[in-house]
Amino acid sequence: MRVAVAANFLPTAEVLRAEFGAERMTLHPGATGQLYAQISQGAPFDVFLSADQTTAQRLYDEGKALTAPQTYAIGRLALWTPGQPAPEFSQLAGFARLVMADPKLAPYGAAALSCVQRLVPTWQGQWLKGTSVAQAHQMLISGAAPAGFVAWSQVLTAPEAEVRLLPETCHAPLIQQAVLLKRPAPHPAAQAFWDFLFSPTARQQIAAGGYAAP
């Protein structure tokens, strides 16, 4: 069984895979927009864990999903300054570069762009864009910029002083939805994993991963 998973959710998806049975599934992470394109072109995925509502609904409307989208997690956006105390949002106006995921491909990137436009409208610096929020996270680790926007779930273990949660009012809610995809020969474990994804056990792991579990 092949599960397409939004990059931000990969660490939690790996925990869920271990709980469900790692030998029965493989994870294929990527930006939500990239995964949508792959599914549209016939990539043989059985389940899609999107980072938003829109993409999952689009697949359902296009007849590519067996199930209506269901919310499996609600994410949070975080400002991360590796090795440095996180500044007040107003202080970002003095930063020459900031990292985010590409807003055309990744919902967390779109949320980051919205927040900067609302909270720091005077910022005139350079955006460094990763194709996914996972790549944005790696860019910050590598020192490409002093600060950037990632999923809260990615920086749970970072020093508290380096992380500042964005107010949820500055961006559209990061409601992450899943669909069970149509396949010529559905994998027998796909429905079982779908049921597991919304079980109390999975919800506990999702919450522990830094998400609100619906």
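Strand 5 (residues 77–80) and strand 8 (residues 148–151) pair in the antiparallel sense over 4 bridges, where two strands are taken to pair if DSSP finds at least two bridges between them, and where strands (E, at least two residues) and helices (H or I, at least four residues) are DSSP runs numbered from the N terminus. The model is a predicted one, in which local features need pLDDT of at least 70 and side-chain atom pairs count only at pLDDT 80 or more, whereas totals for chains, interfaces and linings use all residues. Residues are numbered from 1 along each chain as its sequence is written, and side-chain values use heavy atoms, with hydrogens and water left out.

Pro146 is found in the loop between helix 5 (133–141) and strand 8, and with a relative accessible area of 39% Pro146 is partly exposed. Pro146 and Val15, which are 131 residues apart in sequence, lie 30 Å apart in space, C-alpha to C-alpha.

An open sheet is formed by 5 strands in the order 2-1-3-10-4, with mixed pairing. Strand 2 (26–30) and strand 4 (70–75) are its edge strands, each of which pairs on one side only, and the twist from one strand to the next averages 20°, the angles being taken on a scale from 0 to 180 degrees between N-to-C directions of axes that are lines fitted to C-alpha atoms, for helices over the stretch in contact. In general, strands of a sheet pair through backbone hydrogen bonds, either parallel or antiparallel. Strand 1 (residues 2–6) and strand 2 pair in the parallel sense over 5 bridges, with Val5 opposite Pro29; strand 1 is mostly covered, as 4 of its 5 residues are buried. Strand 3 (residues 47–49) and strand 10 (residues 174–180), by contrast, pair in the antiparallel sense over 3 bridges, and Val47 stands opposite Leu180 in strand 10.

The count of disulfides comes to 1, a disulfide being a pair of cysteine sulfur atoms within 2.5 Å. The disulfide is formed by Cys115 and Cys170, whose sulfur atoms are 1.8 Å apart, and with 70° about the S-S bond the link is right-handed. The pair links distant parts of the chain, 55 residues apart, with Cys115 in helix 4 (residues 107–119) and Cys170 in the loop between strand 9 (163–165) and strand 10. Cys115 counts as buried at 1% relative accessibility, and Cys170 likewise counts as buried at 3%.

The axes of helix 1 (residues 10–20) and helix 6 (residues 190–197) come within 11 Å and cross at roughly 115°. The contact is made by Leu16, Glu19 and Phe20 of helix 1 and by Ala192, Phe193, Phe196 and Leu197 of helix 6. By class, the contact has 6 nonpolar, no polar and 1 charged residues, where Ala, Val, Leu, Ile, Met, Phe, Trp, Tyr, Cys and Pro count as nonpolar, Asp, Glu, Lys and Arg as charged, and the others, Gly among them, as polar.

The C-alpha atoms of Pro200 and Ala213, 13 residues apart along the chain, are separated by 9.7 Å. Gly209, in the segment after helix 7 (200–208), is buried, with a relative accessible area of 12%, and touches Thr12, Ser153 and Leu156, not counting residues up to four places away in sequence.

Notes: Buried < 20%, exposed > 50% of the residue type's maximum accessible area, 1.4 Å probe, protein only. Contact = heavy atoms within 4.5 Å.
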